[in-house]
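Let's walk through this structure together, one feature at a time. Keep the sequence and the model open beside you as you read.

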Amino acid sequence: MNTGSQTPLLAMRGIVKSFGGAQALRGVDFDLESGEIHALLGENGAGKSTLMNVLSGVIAPDQGEIRIDGAAVRFTDPRAAQAAGVATIFQELDLVPSLDVTANLFLGRELTRAGVLDGGAMRRAARARLDEIGFDVDVDQPVGELSVGRRQIVAIAKALTYASRILVMDEPTAALTAAEVQRLFHVMREIARRGVGIVYISHRLEEVPRVADRVTVLRDGRIAGTAPPTAPQSDLVALLVGRPLTELYPRRSGAFGRRVLNLERAAWRPRRPRAGWRAPREVSLDVRAGEVVGLAGLMGAGRTELLSVLYGAGGPGAWSGRVEVEERPARLTSIPEARRAGVAFVSDDRRGAGLMLRDSVERNLVASVLRRVSPFFLMSQVRQARLARQAIKAFDVRPPRPELAVGALSGGNQQKVALAKEVLGEPRLLLLDEPTRGVDVGAKGEIYARIRELAAQGVGILVASSEMPELIGLCDRIIVLRGGRTVAEFPAGAAEDDILAVAESSQDDSDE
Ligand SMILES: Nc1ncnc2c1ncn2[C@@H]1O[C@H](COP(=O)(O)OP(=O)(O)OP(=O)(O)O)[C@@H](O)[C@H]1O
Ligand SMILES: [Mg+2]
């Protein structure tokens, strides 16, 4: 790493950016050295993505300057930045869902032979690139059919090919499991060793000492401070939120009611099998009213598939085995059926399934209420506005403006809206897939508290997460899924290593 008086690889000075009346960046200075991994931390809405969008040419700053190797630059779009060796893995990945993995990796720089696209060469190169970073992804599959975690890996592989000087990673690990994160860190260190500077954004504070050389914290559009990566997590939290935090995980109640979900040897047979989509094969579990049950497993274990099939969103297919909601047989073969049975789902893919980004926060929030009552039900504007305001307050959506388009919120605040929206539908069984993905430490605690409150009201909650501490801290029980099968169950407070050992033990990967 270069240090001292040398010109830094990247110097951002006095960056100011406002959206309408709201100041997202209020004069930010940020440096990056060659070969350095610089962690950029901050609460949801602090301005992290905005600062990096200014660097990569997605948005133009109102004021300020950017220098690379001492020379002033201003990129007018991400392609210009890429051409200069500045690559970004955006928080909301910029992949084309309808194109396959190979096409996404080579988009805009396709390989040709004698003027014709060379599909074979691109597929081989795509495979080689993914092999090189040690991830197994089918290069022929449309990106839209991949899990969020695999999409993240494709975006990482793509960015790596452009990143000759600077690599910006905006929450690249949000959907990755512990083992994949470890592999990614290894790849990052390799790249840094070649002299590339890396900006690393994450809400997982425990990752910081493992990967970063330096830490900068943004708060409300200003630099709140810098810290060595070895700083205790409590110091980082204090810098981040600027106030002491209360207990992260709420108390468990232990008082459970009847079974809102009961699965016995349940299996889902899709009419058309999809590559890389792990249908539930043998699932036995129950969730009681008032209980929060965790679903653990590696990427590809079938957690997201199980939740989406329970929500009737598995496409055409049929259940076998016993499937009961509220102790009555339930069909759950379509979303309307699942919703009528009282099932709600917050997807890990908030852009794809959860939210209407162009619509206002209020419209998004009341959508599930309107759907619950009846498609023809008219709710007064006043009532809608009141509901929306209450939900915004309960989930601490920032800024608290119901008229704002959801797409204009920071990633973590979009996640809060996605959750609040389903809660308003008053479900009996709430399925949550990565409920705190992209959410800052302070807001995480708030979300856990809301989940516990719901449970206390008698809702049964089944939550999948790739963050093991979250499952352990939040859940009353943890069920491990492997290869589409439930393989073990752990009580509250079980040890992470014990759960991981079961999750990681050799998977039976045969597709029956
Ligand atoms: N296009 C936009 N229009 C209006 N406001 C915006 C827009 N983009 C960002 N903002 C606002 O700018 C502020 C900073 O947002 P930014 O996305 O940079 O936060 P962040 O630090 O990346 O948060 P997160 O951790 O949630 O991703 C937020 O208040 C956000 O609502
Ligand atoms: Mg962001």
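Proline 399 lies in the loop between helix 13 (381-394) and helix 14; helices are DSSP runs of H or I with at least four residues, strands are runs of E with at least two, and both are numbered from the N terminus. The peptide bond that joins arginine 398 to this proline is cis, with omega near -5°. Although aspartate 220 is not a glycine, its phi is positive, at about 50°. For background, most residues other than glycine have a negative phi, and most peptide bonds are trans.

A word on the model: it is predicted, with local features needing pLDDT of at least 70 and side-chain atom pairs counting only at pLDDT 80 or more, while totals for chains, interfaces and linings use all residues. Residues are numbered from 1 along each chain as its sequence is written, chains are lettered from A and ligands numbered from 1 in the order written, and side-chain values use heavy atoms, without hydrogens and water.

Now to ligand 1. Around it are 19 residues, of which Gly45, Lys48, Thr50, His203 and Ser410 come nearest; a residue counts as near if one of its heavy atoms lies within 4 Å. This shell divides into 6 nonpolar, 10 polar and 3 charged residues, with Gly counted as polar. Helix 1 (48-55) and helix 14 (411-424) each supply at least two shell residues, and helix 1 gives the largest share, 3 residues. Because domain 1 (10-241) and domain 3 (359-425) both give residues to the shell, ligand 1 lies between them; the domain bounds come from an automatic or database assignment.

Which side chain has an N or O atom 2.8 Å from an oxygen atom of ligand 1? That is serine 49, and this is a polar contact, a pair of N or O atoms within 3.5 Å.

Definitions and conventions: Polar contact = N/O pair within 3.5 Å; in protein donor to acceptor, adjacent residues only side chain to side chain.
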